[in-house]
Amino acid sequence: IELTAAAPAPVADWAAPLAGRTALVTGAARGIGASVASVLARDGARVICLDVPQTGDELARTADTLGATALPLDITADDAAQRIAAAVPDGLDVLVHNAGITRDRRLANMPADRWAPVLDVNLDSVLRTTDALLAAGTVHRGGRIVATASIAGIAGNNGQTNYAASKAGIIGLVRALAPRAAADHGVTVNAVAPGFIETKMTAAVPLLIREAGRRMNSLGQGGLPVDVAETTAWFAQPASTAVNGQVVRVCGQSLLGA
Ligand SMILES: NC(=O)c1ccc[n+]([C@@H]2O[C@H](COP(=O)([O-])OP(=O)(O)OC[C@H]3O[C@@H](n4cnc5c(N)ncnc54)[C@H](O)[C@@H]3O)[C@@H](O)[C@H]2O)c1
C-alpha cells in the first residue's frame with residue numbers, strides 16, 4: 001500500500017464553494033435535476049443542464065434562468081460520453097447522474113419493453129458514461145461523481161421491480177467504483193437515495209400511494225427536490241474529499257427500507 005500526501009482543495013470563498021468548477025447534471029430540465037443544477041449554480045459552479053431533446057423549451061428555460069448551458073442529449077445514446085466530453089473541452093469537476101424513469105408494472109406482467117429502458121436510463125447509461133468519462137480524463141482530479149439511487153433500491157417497492165433493480169444497481173455501482181475511482185483518478189463517487197419527493201415523476205403515482213409516501217416520512221410531508229439537491233451539493237463540495245462510496249438517504253426517515 002502506497003501512501004500519498006493528502007491535498008485538500010482550499011475553498012477561497014465559502015459563499016461560492018464551487019467557484020471555478022464545472023458541473024454537469026443529467027435530467028436537469030425539471031424536478032430534482034433542475035433543483036440540483038440551481039443549487040450547484042448558487043454554489044458558484046458553471047453548470048451544464050443535460051436532458052433529452054424532447055424537453056426543448058423546458059430545458060432551455062431552466063438553463064437560462066440559472067445562467068447555465070443546455071445540452072439536449074439522450075443519456076442512453078451510444079455516443080453520449082463523447083458528446084458530453086465535446087461539450088466540456090476543459091473537463092468536468094462535478095458529474096451528477098440524475099436522469100431517471102419509471103415504467104411500473106407488477107413483475108408477473110412486466111414485458112421486456114418496460115424492463116429494458118428503465119435499466120438502460122437509470123443504470124447502464126450511468127456505468128457507460130462514467131467509465132468513458134473517467135477513462136478519457138474528462139473528470140478532473142478532485143472531481144465528484146454523484147449518482148441518484150432511491151429508497152426503492154434499498155427496500156424494493158411493489159410494482160417497481162425494474163426500477164428497484166436499477167437503483168439497487170446504482171448502490172452496488174457506487175460502492176464498487178468508489179475505491180477504484182479514488183485510487184486511479186482522485187475522484188469520489190457517492191449516491192443520494194431519495195424517498196418520496198414531490199415532482200412530475202411522483203405526480204403520476206395514484207393519490208393513495210402518494211399520500212402513503214408523504215405519511216411514511218417522519219416530517220409528515222413529501223420531500224422537496226431541494227432536499228436532494230442540497231445533499232448532492234454537499235457531496236460535490238471540495239471539502240467532502242473524504243466522503244467516498246456512500247449512499248445517503250434523503251427520505252425523512254421513510255418507513256420504506258427502514
Ligand atoms: N421523485 C421521487 O420521489 C424520487 C425518489 C427516488 C429517486 N428519484 C430519482 O431522482 C431522479 C429525478 O427524478 P424526478 O422525480 O425529478 O423525475 P422527473 O421525471 O421529474 O425528471 C427526470 C428528468 O430526467 C430526464 N430524463 C429521462 N430520461 C432521460 C434520458 N434518457 N436522457 C436524459 N435525460 C433523461 C427527464 O426528461 C426529466 O427531465 C431520478 O433518477 C429518479 O429515479 C426520484
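**Entry 1: the sheet**

I began with Thr26, whose bridge partner in E2 is Leu50. The model is predicted, so local features need pLDDT of at least 70, side-chain atom pairs count only at pLDDT 80 or more, and totals for chains, interfaces and linings use all residues. Residues are numbered from 1 along each chain as its sequence is written, and side-chain values use heavy atoms, with hydrogens and water left out.

I then looked up how strand E1 (residues 22–26) meets E2: the two run parallel and are joined by 5 bridges. Strands (E, at least two residues) and helices (H or I, at least four) are DSSP runs, numbered from the N terminus. Two strands pair if DSSP finds at least two bridges between them. I noted that strands of a sheet pair through backbone hydrogen bonds, either parallel or antiparallel.

In what order do the 7 strands lie? I read E3-E2-E1-E4-E5-E6-E7, an open sheet with parallel pairing. Strand E3 (69–72) and strand E7 (247–250) each have a single partner strand, so one side of each lacks a neighbour in the sheet.

**Entry 2: two helices**

I looked up helix H4 (residues 112–135) and helix H6 (residues 161–185), which pack at an angle of about 5° with axes 9 Å apart. Axes are lines fitted to C-alpha atoms, for helices over the stretch in contact, and angles run from 0 to 180 degrees between N-to-C directions.

**Entry 3: the ligand**

I found 29 residues around the ligand, the closest being Asp51, Asn98, Tyr163, Ile197 and Thr199; a residue is near a molecule if one of its heavy atoms lies within 4 Å of it.

I next recorded distances to oxygen atoms of the ligand. A polar side-chain atom of Asp51 lies 2.6 Å from one. A side-chain N or O atom of Arg30 is 2.8 Å from an oxygen atom of the ligand. For Ile32, a backbone N or O atom is 2.9 Å from a ligand oxygen atom.

Of the shell around the ligand, H7 gives the largest share, 3 residues.

Conventions
Polar contact = N/O pair within 3.5 Å; in protein donor to acceptor, adjacent residues only side chain to side chain.
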